Amino acid sequence: MIDWIQLLGNSAQQILSPVTAAYALAALGLAIHFGYTGLLNFGQAGFMALGAYGYGISTLTFGFPWWAALLVGVGVSIIFALILGVPTLRLRADYLAIVTIAAAEIARLFFTTNTFVQYTGSANGLQGYKGSFEEVNPIPPGRYGFGPFTYNEYDWWVRIFGWGLVIIAALITWRLMKSPWGRVIKGIREDEDAVRALGKNVYFYKMQALVLGGVFGSLAGMVFVLPRAIVPSNFQPTLTFFIYAILLLGGAATVLGPIVGAIVFWVALSFFSGFVARAVEVGWLPFMSTVQAGQLQFILVGIVIMLLVIFRPQGMFGNKKELAFVK
Amino acid sequence: MAHAATTPTSRRWPRLVATLLALLFSAVALMSAAPAHAASQVGIDENDYRVSGIVRLDGDPLEGIRITVEGPGQSAEAITNAEGRWAIGVPERDTYVVTLDESTLPEGIAVVDETGEDETPNSREATVGPSGSVVANFFIGEGERATTNVGGQILDRLFLGLNFGLLLALVAIGLSLVFGTTGLSNFAHAELVAFGAIMLLVLSVFLELPLPLAILIALLLSMAMGWANDAALWKPLRRRGVGLIPMMIVSIGLSLAGRYLYQFFIGGETRQLPYATTTALNTGFYGLSVIDIASMAIAIIVLLAVAFFLLRTRLGKATRAVSDNPALAAASGIDVDRVIRIVWVMAGGLAGLGGILWAYFRPGVSWDMGFQILLLTFAAVVLGGLGTAFGALIGSIIVGLFVEMSTLVIAADMKYVGALVVLIVVLLVRPQGILGRKERIG
Amino acid sequence: MSSNDAVPSSTPTKTSGLHIGEPAPGVKKVDPIIVADHIKRSFGGLTAVDVEHLEIPRGAITALIGPNGAGKTTLFNLLTGFDKPDTGEWTFDGNSIAGVPAFKVARRGQVRTFQLTKALGLLTVLDNMKLGAKGQSGESLTKAIFPWFWRKEEEEIEARALDLLARFKLDAKKDDYAASLSGGQRKLLEMARALMSEPTLVMLDEPMAGVNPALTQSLLDHILNLKTEGMTVLFVEHDMHMVRHIADWVVVMAEGKVVAEGDPHEVMKNPAVIDAYLGSHHDEDLGELDPSITEAVKELADDDADEIKH
């Protein structure tokens with residue numbers, strides 16, 4: 001029989017998981033890019049990789065404290081955004097899409113190649129960079145929480161840090177989008193020529209949006225790797241596609257959408273894959289192997305992306321009238 | 001847990017699956033730190049078999065020596081650890097070429113040729129036996145390093161690049177025609193590529209049909225798949241007036257779903273098509289096999305046929321007209337819907353053929369083989385000029401040559417970087433691409 | 001300033017004495033706001049605009065007319081920095097603005113609207129208006145997060161926007177998405193939004209296109225009001241009735257060149273103008289056509305011709 005309690009417990013854990021926080025943060029960055037400004041950034045995985053490696057390399061190779069390493073990751077992602085933006089922000093939207101996905105791949109290949117193995121650990125990645133971050137943990141050692149939400153002090157610290165960043169990023173986004181700056185950004189999404197004709201430097205605003213969303217992405221990369229090791233193959237284009245799925249689920253031009261989208265996405269995916277895996281084990285799905293069961297969730301994500309775009313482009317939280325979507 | 005095979009041209013995409021799965025599973029089961037790995041162990045978890053060895057000089061282990069293993073389904077590098085050990089996982093029980101990079105050896109030290117006949121003692125073959133693993137060691141001592149003929153190497157790479165460029169062109173032209181006529185940047189084009197190869201695998205290996213018949217049926221199925229893509233999804237979406245960017249995202253969803261559907265049915269391993277790994281077919285001419293030559297010939301013939309179609313036939317001209325200016329084409333009485341339908345059938349067929357040739361080039365059929373060259377295809381299309389069929393051809397050849405030639409100067413695992421950097425530089429200097437027109441990038 | 005609900009004046013006050021010497025293409029103006037020289041722009045092989053010399057009089061309403069494909073919109077795009085000419089020099093208010101990017105042109109007080117209305121559909125009508133205001137400190141990323149930097153300014157902008165919306169009778173719609181407005185209302189909104197930037201020169205690209213007759217008169221009044229308030233207006237129009245009614249000066253373009261200039265009543269008698277209109281083909285508008293991108297269509301047409309011969 002299926003252990004429903006355990007299944008539900010595992011799914012519920014996703015609500016607080018740092019992975020969910022990382023995806024929420026990355027999706028928030030993408031909301032600024034895609035939902036509010038209309039920039040088709042398909043390289044969010046690249047920003048995340050830069051954040052993660054910027055943090056990991058400056059801690060391990062240069063012995064930086066955690067906050068300096070974090071700033072390095074942010075700084076590198078700003079430079080990356082500038083490099084991407086200069087050639088493409090003057091061009092049509094789909095060029096940005098192709099260049100960002102290519103640039104993210106270039107970044108990942110640089111982290112994967114054996115050429116820089118002493119800094120990047122090549123395909124095996126990096127680990128052992130948590131020390132400085134662990135030291136500032138104010139929580140005394142022990143296990144805290146209840147039910148499925150019982151973690152040790154480091155797990156709690158990572159969760160508090162990750163979700164703290166999500167909340168700060170959400171507040172900044174919310175403030176910005178209610179400001180005249182947000183008005184210009186949304187105007188650019190609707191029609192950049194019209195905004196240009198009103199005397200706004202569209203190129204400059206797009207660049208600001210690209211940088212800001214990219215910084216959120218790089219912070220997401222750090223949150224993503226804090227509980228585990230940095231593995232370059234985590235930062236594949238599929239990571240970006242997952243973040244798009246979350247964004248579309250929650251609503252592209254909303255502040256809460258990316259956060260709730262990330263939670264719903266991971267809880268649902270965890271429940272789904274857990275259920276299918278156990279259903280195969282107990283023989284409910286005789287035509288399927290456990291390995292095949294693991295692939296079902298990817299197929300599901302793909303189908304969900306398609307259905308959302310076609311039938312509910314405003315997402316769960318988007319205003320029905322405001323089909324917040326790039327045309 | 002991970003069931004992805006690594007592949008010869010790159011080990012990036014399959015590792016994606018492996019790690020993404022790892023990521024998901026560990027997310028579900030709460031994250032724990034990943035097991036420790038040294039760069040001396042590459043692809044061990046993902047593969048069933050392994051090639052391994054120890055590098056020692058007079059009994060002392062040598063650290064930091066680069067070992068490359070190439071063969072069916074695998075192309076990977078490892079660096080020896082402090083004990084001089086290395087191991088690389090391989091997906092097949094087959095013969096692999098193991099190469100020791102002599103430049104990583106200490107000064108004055110080389111791989112010693114015991115027989116006196118081997119010109120490249122630093123490279124040897126290793127066959128995975130029934131035990132599932134094989135040890136490949138080298139004799140290291142003082143001596144002269146083997147050097148390969150640079151001119152020959154360049155020509156080798158030139159042919160390889162041309163071969164790759166031609167098959168890429170088949171794929172890219174379909175992508176470009178679809179973009180030209182419908183404005184869709186179709187990420188799921190990658191899955192049309194894999195479809196052709198997978199159908200051939202099913203027909204020729206699983207159903208054991210004769211190869212020519214199997215290829216013919218696979219191509220017909222690919223064309224039907226192209227048609228079905230349009231009829232079942234894209235045409236209704238065009239009717240609904242869905243914008244181009246939402247459509248692009250739909251294609252990403254389709255690509256993701258399609259790719260894992262393939263994996264669902266054929267599994268994660270790399271499988272070979274008939275004759276793909278037969279060494280007897282080697283012609284000895286710049287490392288070209290009969291299959292390489294046939295592949296290039298087929299690609300050239302098909303590309304000429306496409307050119308003839310576009311330039312000389314009425315339907316081809318109508319296709320170009322729709323691609324140039326749909327409004328004007330419709331106003332001049334061209335049946336735009338019919339043109340788009342035919343473009344999709346062509347794109348499906350060309351992608352399927354490209355996929356089959358790609359399966360022989362890599363070599364091997366795997367569920368994500370299309371996605372592996374998707375970015376290079378986009379690079380080729382943008383390089384040549386979005387929406388122009390001949391631009392896609394030129395862009396593909398350039399990308400193909402660039403990818404292969406660049407390995408002469410940069411590490412093999414970075415060979416795609418060059419092509420992608422070129423893509424970005426081209427967008428900086430000439431955003432409309434080589435054959436594109438300036439007004440269209442607006 | 002005339003009140004917004006005034007009965008449309010049947011005889012608007014025309015400004016005269018704008019030019020020096022005989023009215024001819026490129027004639028000197030007493031007080032030009034725009035002076036353009038040797039402006040040339042070609043697409044592929046086709047010359048879209050080739051203007052030797054053109055001066056736009058200050059403080060007047062100038063109409064730019066001509067048959068389809070005469071290069072009016074292209075000239076508009078060039079003068080406002082939305083397109084770059086192959087050659088050419090031009091000044092606005094005595095300063096060269098050749099090669100100046102569109103947003104800087106707008107900041108200098110030369111604001112334009114578009115032939116296909118560019119209301120920002122998913123912004124509210126009020127937000128559309130507020131976007132038009134120049135020099136907002138809240139539009140800087142760093143200040144935007146802290147509302148106390150810009151709240152007061154925002155209130156002033158909102159007051160001004162509401163005032164303008166009332167004049168354009170859009171105040172009832174202020175919280176609606178611009179996408180929900182009718183075509184004519186969008187034209188009004190676009191014009192009102194342009195006024196938020198307090199321009200000196202307003203360039204309107206076909207302000208009457210697609211506007212229902214009920215709104216036409218109010219649009220005309222608004223344009224006349226701009227002049228009364230001291231602004232200069234340059235507009236592209238097809239409707240000759242409207243041109244005669246409100247324009248103080250008319251520039252006629254054909255095949256990229258200025259073929260005639262003059263008083264609206266006189267210029268229509270000019271044989272070059274009659275030629276331009278009669279000789280032109282009123283083709284279906286397919287956008288700015290690059291001849292090279294119509295190659296395949298031509299080839300098809302040639303095939304058809306061949307088939308008929310055989």
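Which side chain does Lys130(C) meet in a salt bridge? In this predicted model, the partner is Glu154(C), at 3.3 Å from N to O. Lys130(C) lies in helix H3 (residues 125-131) of chain C and Glu154(C) in helix H5 (residues 151-167) of chain C, so the pair ties together parts that are 24 residues apart in sequence. Lys130(C) is buried, at 7% relative accessible area. Glu154(C) is buried too, at 11%. The pair also belongs to a network of salt bridges that includes Arg183(A) and Glu158(C).

Over all chains, the count is 32 salt bridges. One of them joins Glu55(C) to Lys28(C), at 3.7 Å from N to O. Glu55(C) sits in strand E2 (residues 46-57) of chain C, while Lys28(C) is in the segment before strand E1 (32-43), 27 residues apart. Glu55(C) is buried, with a relative accessible area of 4%.

Asp337(B) and Arg239(B) form a salt bridge at 2.9 Å, N to O. Asp337(B) is in helix H9 (residues 336-361) and Arg239(B) in helix H4 (residues 211-240), 98 residues apart. Asp337(B) is partly exposed at 30%. Arg239(B) counts as exposed at 59%.

Now turn to helix packing in chain A. Helix H2 (residues 18-37) packs on helix H8 (residues 153-177) at about 15°, with axes 8 Å apart. Angles under 35 degrees count as roughly parallel, so H2(A) and H8(A) are roughly parallel to each other. Their crossing is left-handed. The contact has 14 nonpolar, three polar and one charged residues. Among them are Leu25(A), Leu28(A) and Ile32(A) from H2(A), and Trp163(A), Leu165(A) and Val166(A) from H8(A).

How values were computed:
Residues numbered from 1 in each chain as written. Chains lettered and ligands numbered in written order. Predicted model: local features only at pLDDT ≥ 70, side-chain atom pairs only at ≥ 80, totals over all residues. Heavy atoms only, no water. Axes fitted to C-alpha atoms, helices over the stretch in contact; angles between N-to-C directions. Helix = DSSP H or I, 4+ residues; strand = E, 2+ residues; numbered from the N terminus. Parallel < 35°, antiparallel > 145°, perpendicular 65-115°, else oblique. Left-handed = near helix turned anticlockwise from the far one by under 90°. Contact = heavy atoms within 4.5 Å. Nonpolar A, V, L, I, M, F, W, Y, C, P; charged D, E, K, R; others polar. Salt bridge = Lys/Arg side-chain N within 4 Å of Asp/Glu carboxyl O. Buried < 20%, exposed > 50% of the residue type's maximum accessible area, 1.4 Å probe, protein only.
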